[in-house]
Amino acid sequence: MSRPYFVTTPIYYANAEPHIGHTYTTVVADTLVRWHRQRGDDAWSVSGTDEHGEKLVEAAAKAGQTPELFTERMSAAFQHVWAELGIAPSRFVRTTEPAHRRNVQAILQRVHAAGWIEAREYEGLYCVGCERFLTERDMENGLCRDHERAPELRRESNYFFLMSREFGWLRGEIESGRYEIRPERYRNEALAMLRDESGLGDLSISRPKSRLAWGIELPFDREHVCYVWFDALISYLTGAGFPDDPAFAQRWANAEHLIGKDILKPHAIFWPIMLKAMGMEPPRRLSVHGYWNVDDRKVSKSLGNMVSPLAMRERYGFETFRWFLLREMSYGLDSNFTEEALVERVNADLANNVGNLVSRTLNLVEKFCDGALPPLDASVARGLEEALVAAQDSIESAMAQLQPQQALAAIVVFASEVNRFLDATKPWKLAKLPSGLNEATKILGVAGRAVAALAELLAPFLPEASARIEAKLAAAPITRGEPLFPRVELRKE
Ligand code: ME8
């Protein structure tokens, strides 16, 4: 029986082009899906675009378009970029699509009928960037910490989701690991939020239509639209096939959300309680990563340092960029991106090590074995078999802990071992000795199998390069051909 696995990325705000941060989360999700599929698991993934709320209305107005056309265009841009990069989520959810709207309304209706929603007057400081009222702790010097803009004083009649009822229950779910939040520091952060409830409270889940018409109407009060976060989180259910896809329950029971640390609170606190109110289980797991900075500065539109994945593909090749993202960031911690570091890293790992191993092996097989991979000789293979098992074990445990950078480090170690094996045995010299060809052939049989194993190890991380290695090994005759990873040079503009 294949085991189900379900992973989500955030659904990204459709107000900007995809940048390095979105690309990272999406690449990790894609890697996890490929990793699970390679193991025979039944993996399903969801990504999408978050298209309602004031932020979108502001962005559309700035672009001189209606919210409908603007979000259509921006969502298409996200879908286009992922397709260009060879990343295909099983389901891409737009929060403006009818299936999603139906789910949000049905859920609001259900939760309202079950007594979880109450109308109240509310006054507070609202940040349009966050799309929520701020608490003291969200601000510094009167500005929103995240958006560095002044919040507005607002008084509204709002519907509240009575979230605070369940903080005690939620603490238990997180503490027991029933809702697993990793790495540890974010679990602690979520528990700290729950300990100090002054930063929480009930959740306003409506906006009067008189002020914001761009959203999903509350089914029990058509004068209000649904708060964008309440709407957005439900996209995970829509993406999993809620309510009537036969695979939905299986998927949901194995759900893992990948997010950046910026959106810990809605995922750690709002979401499990929303699910409880619907009579559903919390997700299995929330895996939180840190921020990418670029040239040691926060990624921001105003600094123009958003790092477009398509521009990186143009300059260095996409899998080169993908390798750097996966190899450089320790999942959970912040990382810094510079093109200088990318160039240095990929030349060391890919051009000089992995790529070089593939080239020299194919070249030797072409030269001394007439381009046909010799049979495997177990006695020669022994040392490398151990190295392969060690690499597989390291990758297995790295992926279980969601530390892709450690998995890639293990691949680099394995490629180095095979390179050292060739350096030590020197088949190119042996082959020229009067009786050495037989021994050289055995060595190349082993090196060829090691390269095939390397392609398999690489498959979830660099699918295109992996497929290219496999195609080269399957060719008759085998030839050295073009280098897999040519050295890259800094092409910063
Ligand atoms: O928050 N470093 O959408 P969003 C690392 N629509 N990751 C980053 C990043 C950075 N500098 N910048 C963005 C939203 N990300 C909501 C989500 S989900 C129900 C609704 C990634 O477009 C990271 O995954 O602002 C982060 O959590 C997400 O993009 C935020 O994307």
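Start with Glu 173. It is buried, because its relative accessible area is 14%. Buried means under 20% relative accessible area, exposed means over 50%, and partly exposed is in between, with a 1.4 Å probe and protein chains only. The partner of Glu 173 is Arg 178, and their side chains meet in a salt bridge at 4.0 Å, N to O. A salt bridge here is a side-chain nitrogen of Lys or Arg within 4 Å of a carboxyl oxygen of Asp or Glu. Arg 178 has a relative accessible area of 27%, so it is partly exposed.

A word on the model. It is predicted, so local features need pLDDT of at least 70 and side-chain atom pairs count only at pLDDT 80 or more, while totals for chains, interfaces and linings use all residues. Residues are numbered from 1 along each chain as its sequence is written, and side-chain values use heavy atoms, with hydrogens and water left out.

Back to the salt bridges. How many salt bridges does this rule give? The count comes to 40. Side chains of opposite charge can pair when their charged atoms come close. Take Arg 91 and Glu 97, whose side chains meet at 2.8 Å, N to O. Arg 91 is partly exposed, because its relative accessibility is 22%. Glu 97 has a relative accessible area of 18%, so it is buried.

Next pair: Glu 121 and Arg 155. Their side chains form a salt bridge at 3.8 Å, N to O. Glu 121 lies in strand β4, residues 117-127, and Arg 155 in strand β8, residues 152-161, so the pair ties together parts that are 34 residues apart in sequence. Are Glu 121 and Arg 155 buried or exposed? Both are exposed. There is also a network of salt bridges, and it links Glu 54, Glu 152, Arg 154, Glu 156 and Arg 211.

Now helices. Helices are DSSP runs of H or I with at least four residues, strands are runs of E with at least two, and both are numbered from the N terminus. Two packed helices are described by the angle between their axes and the distance between the axes. Look at α5, residues 167-175, and α10, residues 264-277: their axes come within 10 Å and cross at roughly 105°. Axes are lines fitted to C-alpha atoms, for helices over the stretch in contact, and angles run from 0 to 180 degrees between N-to-C directions. So α5 and α10 are roughly perpendicular to each other. The cut-offs: under 35 degrees is roughly parallel, over 145 roughly antiparallel, 65 to 115 roughly perpendicular, and the rest oblique.

Which residues make the contact? From α5 come Phe 167, Trp 169, Leu 170 and Ile 174. From α10 come Ala 268, Ile 269, Pro 272, Ile 273 and Lys 276. Contact means heavy atoms within 4.5 Å. The residues of this α5 and α10 contact divide into 8 nonpolar, no polar and 1 charged. Ala, Val, Leu, Ile, Met, Phe, Trp, Tyr, Cys and Pro count as nonpolar, Asp, Glu, Lys and Arg as charged, and the others, Gly among them, as polar.

One more helix residue: Asn 347, in α13, residues 339-368. Asn 347 is buried, because its relative accessibility is 5%. Leaving out residues up to four places away in sequence, Asn 347 touches Asn 352, Arg 487 and Val 488.

On to sheets. Strands of a sheet pair through backbone hydrogen bonds, either parallel or antiparallel. Here, two strands pair if DSSP finds at least two bridges between them. Pro 208 has His 224 in β13 as its bridge partner. β12 and β13, residues 221-226, pair over 2 bridges. Leu 218 has Asp 221 in β13 as its bridge partner. A hairpin joins β12 to β13 through 2 residues.

Last, a second open sheet of 3 strands. The order is β17-β16-β18, with mixed pairing. At the edges are β17 (297-298) and β18 (335-337), each pairing on one side only. β16, residues 292-294, and β18 run parallel, joined by 3 bridges. Trp 292 stands opposite Ser 335 in β18. Helix α12, residues 318-328, lies across β16 and β18 and runs at about 155° to β18.
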